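Biologist: I am new to this structure and would like to learn how its features are read, one after another. Could we begin with the way strands are paired?

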Amino acid sequence: MDKKRIAIFASGNGSNFEAIAKACADGRVDAEVALCVTDRPGAYVTERAARFGVPVVEFRPRDYASKADFETMLLTRLREKEVDLICLAGYMRIIGDVLLEAYEGRIINIHPSLLPAFQGADAIGQAMEYGVKIYGVTVHYVDHTLDGGKIISQAAVQYEGNLREELEPMIHAQEHVLYPATVQKILKEL
Ligand code: GRF
């Protein structure tokens, strides 16, 4: 069977892009990263993509009249690359109807909290503010809601201190394990 083809959407650093690309390269994930998409031209994720030889689509949302317009452009590029699965990894935009309809059940996201707790921006900061002792990460399907789609997998991170610079790397390390493992798990359902 041909390998499934993944597109990773990211707006910034791209450490989750790298975790998935590495897992594909060393066979832990039986798929190929066929495309990197970013809405922030020049974001660090584009350098990581270059290192892995992954083609990049960079676009500026403000160059388009609407979300439907830029998602239609993206859909063409995704189809050219025969993408089976879209992984959002720090993509700071809500996915619109064009992509949701075309890729129904085939768009997933990683969020740095144990959903449904701490949805939206700065989930780690929200959880620290609340004073939780068990943090975590969630991979979920993407639907019309913000961080509300069906949960696929979660992992907990226990931390009782109050130093963000200590906690954040622990959460990211957990993401880098959970996201590739989850992609591998759902490939057979595509
Ligand atoms: C991660 O914490 C992810 O959970 C959230 O955005 C961050 C992206 O980090 N959705 P990176 O760009 O993959 O390093």
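Modeller: The general idea is that strands of a sheet pair through backbone hydrogen bonds, either parallel or antiparallel. In this predicted model, Tyr-135 has Val-157 in β7 as its bridge partner, and the two strands concerned, β6 (residues 134-141) and β7, pair in the antiparallel sense over seven bridges.

Biologist: Which strands form the sheet, and in what order?

Modeller: Seven strands form an open sheet, and the order across the sheet is β3-β2-β1-β4-β5-β6-β7, with mixed pairing. The edge strands are β3 (56-58) and β7 (151-158), each of which pairs on one side only. On average, neighbouring strands of this sheet are turned by 20° against each other, if direction is ignored.

Biologist: Which helices pack on the sheet or lie across its strands?

Modeller: Helix α1 (residues 15-25) packs on the sheet, where α1 touches β1 (4-9), β2 (31-38), β4 (85-88) and β5 (107-111), and the direction of α1 makes about 160° with that of β2. Helix α2 (residues 44-51) lies across β2 and β3, and α2 runs at about 150° to β2.

Biologist: How should I read the two faces of a strand, and which residues of β5 are on each side?

Modeller: In a regular strand the side chains alternate between the two faces of the sheet. In β5, Ile-107, Asn-109 and His-111 are on one side, while Ile-108 and Ile-110 are on the other, and all of them are buried, so both faces of this strand are covered.

Biologist: In which sense does β5 pair with β4, and in which with β6?

Modeller: With β4, β5 pairs in the parallel sense over three bridges, and Cys-87 has Ile-108 in β5 as its bridge partner. The chain crosses from β4 to β5 through helix α4 (residues 97-102), a β-α-β crossover that is right-handed. With β6, β5 runs antiparallel, and four bridges join the two strands; here Ile-108 stands opposite Tyr-141.

Conventions
Residues numbered from 1 in each chain as written. Predicted model: local features only at pLDDT ≥ 70, side-chain atom pairs only at ≥ 80, totals over all residues. Heavy atoms only, no water. Pairing = 2+ DSSP bridges. Axes fitted to C-alpha atoms, helices over the stretch in contact; angles between N-to-C directions. Contact = heavy atoms within 4.5 Å. Buried < 20%, exposed > 50% of the residue type's maximum accessible area, 1.4 Å probe, protein only. Right-handed = clockwise from strand over helix to strand, strands pointing away.
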